[in-house]
Amino acid sequence: MQAITVRDRDAGPAGMSLTDMPHPHAAENDVIVRVHAAGFTPGELDWPGTWTDRAGRDRTPSVPGHELSGVVVELGYGTTGLSIGQRVFGMADWTRNSSLAEYAAVEARNLAPLSADIDHTLAAALPISGLTAWQGLFDHGRLTTGQTVLIHGAAGGVGSIAVQLAREAGARVIGTGRSADRDRALALGVDTFLDLRTEKLEDVGEADVVFDVIGGDILDRSAALVRAGGTLVTIARPPKVRPKDGRAVFFVVEPDRARLTALAVRLRDGRLKPVVGAVRPLAEAPAAFAPGKRTPGKTIIRVTQD
C-alpha cells in the first residue's frame, strides 16, 4: 500500500514522503480500514507518539494522521461490534501507524459506524475536533443550559464544533479569534465575538466555562474570567494560573464510540457542520503539513475515492 511516512524528527514536513509500505496487520480487537479520507493535526510531528511506540521504542518510518473515515475490510481476532464492509469513522492510536495511508489498523473501540448518507470527507474532519469539543464542554466543563461559555479560537477546528454544541445545549456563547474570523464565528452561533488583537479580553465579563485551545498569555489571563464555581478547561498545557473560586482542567482527548455516534447523528441531521477547508490527495499531504498561509477550515486528505 501507499502511505505518507516520516523518518527524521528534525526534518519536519520536509522529511515526509509518499512510500510503499507493507499492508498493516490486524491485532486482537483491531479492524483494518480502507481509508477514504483522513484528518491530521499540523503539530503532531512534534508529538512523542509519532516517533515511538507505547514502550518508548523507535518506530520509524511511521505514518502520521489520527482521524479517518473509510470501510472495514478485515477483522482481527476477537473483534466485535463492527463487520466487514461497514462504513466507519474515528481516531487512531497516538503511538501506531495511522490514517495517512491507504489502509490502517485501528482498535475497533476507537471507531463508530457511519451512515451511507455522510460523506467521508466530512466524517474525517470530526473525530478529534468533535470529541475534544464534547469532552471539554460537558465532561470536564460541566456546561449546562443557561450558562455562559467563553470559547477561544471559536472559528477553528475545535472551537467551531464547540460553538455549535454549546448553542445546542442552550448556553450563551462568547467567542474569540481574529477579525477575519468574526463573520464565520457569528454564523456558527456565537452571541458575542471578541477580536483578541484589537479588543481587551477582560471586557467580555465572567463565564461559567472558559474553553481554551490557544495557551500562553491568553490561557493565563482567562483564569480571572471564570465565574465562582466555574471551570477553566484547556487542551494547550496545564494551567499556571487557576481561577480563584473555580476549577482548572487540562486534558487530552480520548476515543469514545458512544460520543462519536452522537456526533455522527448531529452531522447527518444537519445540526453539526465541521468547517472543512482544502481537500487534497494523499501525495500532497506533506505540503498540507508545511507552515504557510493560514487558511480557514480543516484540511482533509482524500485517500480513496468512494
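Across which strands does helix H3 lie? In this predicted model, helix H3, which covers residues 157–168, lies across S8, strand S9 (172–177) and S11. The helix runs at about 170 degrees to S8.

These strands belong to an open sheet of six strands. Read across the sheet, the order is S10-S9-S8-S11-S12-S13, and the pairing is parallel. Two strands stand at the edges: S10, residues 192–195, and S13, residues 247–250. Each of them has a single partner strand, and therefore one side of each is left without a neighbour in the sheet. From one strand to the next, the twist averages 15 degrees.

Strand S11 (residues 207–212) and strand S12 (residues 226–234) run parallel and are joined by five bridges. Val209, for instance, has Thr231 in S12 as its bridge partner.

A further helix also lies against the sheet. Helix H2, formed by residues 127–140, lies across strand S8 (148–151), S11, S12 and S13. Its direction is at about 150 degrees to that of S11.

A search of the whole structure finds three aromatic pairs. One of them is formed by Phe40 and Phe289, whose rings are stacked, with 4.2 Å from centre to centre and 20 degrees between the planes. This pair links distant parts of the chain, since its two residues are 249 residues apart. Phe40 is found in the loop between strand S3 (30–39) and strand S4 (67–75), whereas Phe289 belongs to helix H7 (residues 285–289). Phe40 counts as buried because its relative accessibility is 5%, under the cut-off of 20%. Phe289 is likewise buried, with a relative accessible area of 4%.

Another of the pairs is formed by Trp134 and Phe138. Here the arrangement is edge-to-face: the centres are 5.8 Å apart, and the angle between the planes is 75 degrees. Why are Trp134 and Phe138 separated by about one helical turn? The reason is that they are four residues apart in helix H2. Phe138, at 23% relative accessibility, counts as partly exposed, because buried means under 20% and exposed means over 50%.

Methods. Residues are numbered from 1 along each chain as its sequence is written. This is a predicted model: local features need pLDDT of at least 70, side-chain atom pairs count only at pLDDT 80 or more; totals for chains, interfaces and linings use all residues. Side-chain values use heavy atoms; hydrogens and water are left out. Two strands pair if DSSP finds at least two bridges between them. Axes are lines fitted to C-alpha atoms, for helices over the stretch in contact, and angles run from 0 to 180 degrees between N-to-C directions. Contact means heavy atoms within 4.5 Å. Rings of Phe, Tyr and Trp (its six-membered ring) pair if their centres lie within 6.5 Å; planes under 30 degrees apart count as stacked, over 60 as edge-to-face and the rest as tilted. Buried means under 20% relative accessible area, exposed over 50%, partly exposed in between (1.4 Å probe, protein chains only).
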